[in-house]
Amino acid sequence: MRVGLATQASVAPDDAPAVRLLSETLREAARRNASDLHIEPLEHGWRIRLRIDGVLHEAARPPAHLRDAFVTRIKVLARMDIAERRVPQDGRLRLAPRGETQAHEDYRVNSLPTLHGEKLVLRRLEALPADLSLAALGLDATQQQTLEAAIGAPHGLVLVTGPTGSGKTLSLYCFLQMLNNASRNLCSVEDPAEIQLAGINQVNVREKAGLTFALALRALLRQDPDVIMIGEIRDEETASVAVKAAQTGHLVLSTLHTNDAPAALARLIDIGVEPYNLAAALRLVTAQRLVRRLCPQCRMRADESAAALGAVGLDCRQDHAKQESQPFVAHGCEACHGIGYRGRIGIHEVMPVSAAMRDLIVAQRSAHEIARQARAEGVATLRDAALARVRDGTTSLAEALCTTDVPS
């Protein structure tokens, strides 16, 4: 694989149809705040789809004769090998889709050979948001206090779990920004670093060159770090180094792919971490999802009865008014392009590891038992957090139910 960075200056004005189509596509993606662009070959023709607020929407089906030129144009800008179509490639490019002379956007590009040709996915690497507070991530006041205590500790392991595209990396960047000052040495190991943070020593993993997560971590431990951020714990070696670092005076922040917070503990033990080491190192696990925000200009009151809402655990009564308040549903208008939703917000399950949970970890109890203990200690589940967003009118009941599972 070849990875490169094309600068804005490499994009010269051109009247070629493929160039104009790319410019228009990127402009539309920016206008609609799409996170990913999919260029997909089909048996007859091809299509362009945009992922908006986590959902793919078809944007165009351009003429078939433009496909090869369109794909080649992207690969040239991303400094990928245009002659190689048999293996996946990675690239990176920088463009100004809005036609502005100063503003630009970065994209990570990946190509994949499919049955009908190369499929390309461009992921927008957005700049760090101006507001990186815990409240902006969607955490409530209690969750904020719990997280601040965990990431303010001098050592220990803090994990963020969730599926791909749930905002885990942004949460880690938020934690790093909160800790970023002249008195601390903050380091990260990522694959790749999506956003450059001033004051953070960021390392890109290069497995083809032999620079793995575990090797980079061992090197960082000799760099006198105070805080270490690991992009993702994927294997036993990385997990072992991370847990040992958390036990030897370092604060370690990382991500893991599990459905909820209790499952993260079982996952680490399955990877090969000794239960007693995990119990000693782990300080907090937070699971998260992103739910779509209802468009404030067109949302409508729902028709569900109080009994139907109660069946899914939703009590919309307002304590101060002592009257029922129906949730909202999506409708669609020009402002949200007919979708009914505009933007997303995080929902979280923030689980501090208590003494009782440490005993369960050492005893190698199941994730179900740990979840039961967490609920007994007042930890709100992802479903609880989603329903809270339904109550305050941020999202719809349908969105909350399809994004979260019923706690077991």
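**Entry 1: the whole chain**

I began with the secondary structure, and I found 14 helices and 18 strands in the chain. I noted that the model is predicted.

Next I looked up burial. The chain has 408 residues, and 46% of them are buried. I used under 20% relative accessible area as the cut-off for buried.

The accessible surface of the chain is about 19,600 Å². Carbon and sulfur atoms account for 48% of that surface.

I also checked contacts along the sequence. I took the contacts between residues at least 6 apart in sequence, and 64% of these join residues at least 24 apart.

**Entry 2: a pair of helices**

I picked helix α8, residues 261–271, and helix α12, residues 367–376. Two packed helices are described by an angle and a distance between their axes, so I looked up both. The angle between α8 and α12 is about 145 degrees. Their axes lie 8 Å apart. I recorded the crossing of α8 and α12 as right-handed.

Which residues in α8 and α12 meet? From α8 I listed Pro262, Ala263, Leu265 and Ala266. From α12 I listed Ala367, Ile370 and Ala371. I sorted the contact of α8 with α12 by class and got seven nonpolar residues, with no polar and no charged ones.

**Entry 3: an annotated stretch**

I looked up residues 221–235 in the UniProt record, an unreviewed entry. The record annotates them as "domain: Bacterial type II secretion system protein E". In the model, the end C-alpha atoms of residues 221–235 are 18 Å apart. I noted that this span is 7% helix and 27% strand.

Technical notes:
Residues are numbered from 1 along each chain as its sequence is written. This is a predicted model: local features need pLDDT of at least 70, side-chain atom pairs count only at pLDDT 80 or more; totals for chains, interfaces and linings use all residues. Side-chain values use heavy atoms; hydrogens and water are left out. UniProt positions are given in the numbering used here, feature names are shortened, and annotations may be inferred rather than shown by experiment. Helices (H or I, at least four residues) and strands (E, at least two) are DSSP runs, numbered from the N terminus. Axes are lines fitted to C-alpha atoms, for helices over the stretch in contact, and angles run from 0 to 180 degrees between N-to-C directions. A crossing is left-handed if the near helix is turned anticlockwise from the far one by less than a right angle, and right-handed if clockwise. Contact means heavy atoms within 4.5 Å. Ala, Val, Leu, Ile, Met, Phe, Trp, Tyr, Cys and Pro count as nonpolar, Asp, Glu, Lys and Arg as charged, and the others, Gly among them, as polar. Buried means under 20% relative accessible area, exposed over 50%, partly exposed in between (1.4 Å probe, protein chains only). Accessible areas come from the Shrake-Rupley method with a 1.4 Å probe; for residues, only the protein chains shown count as cover.
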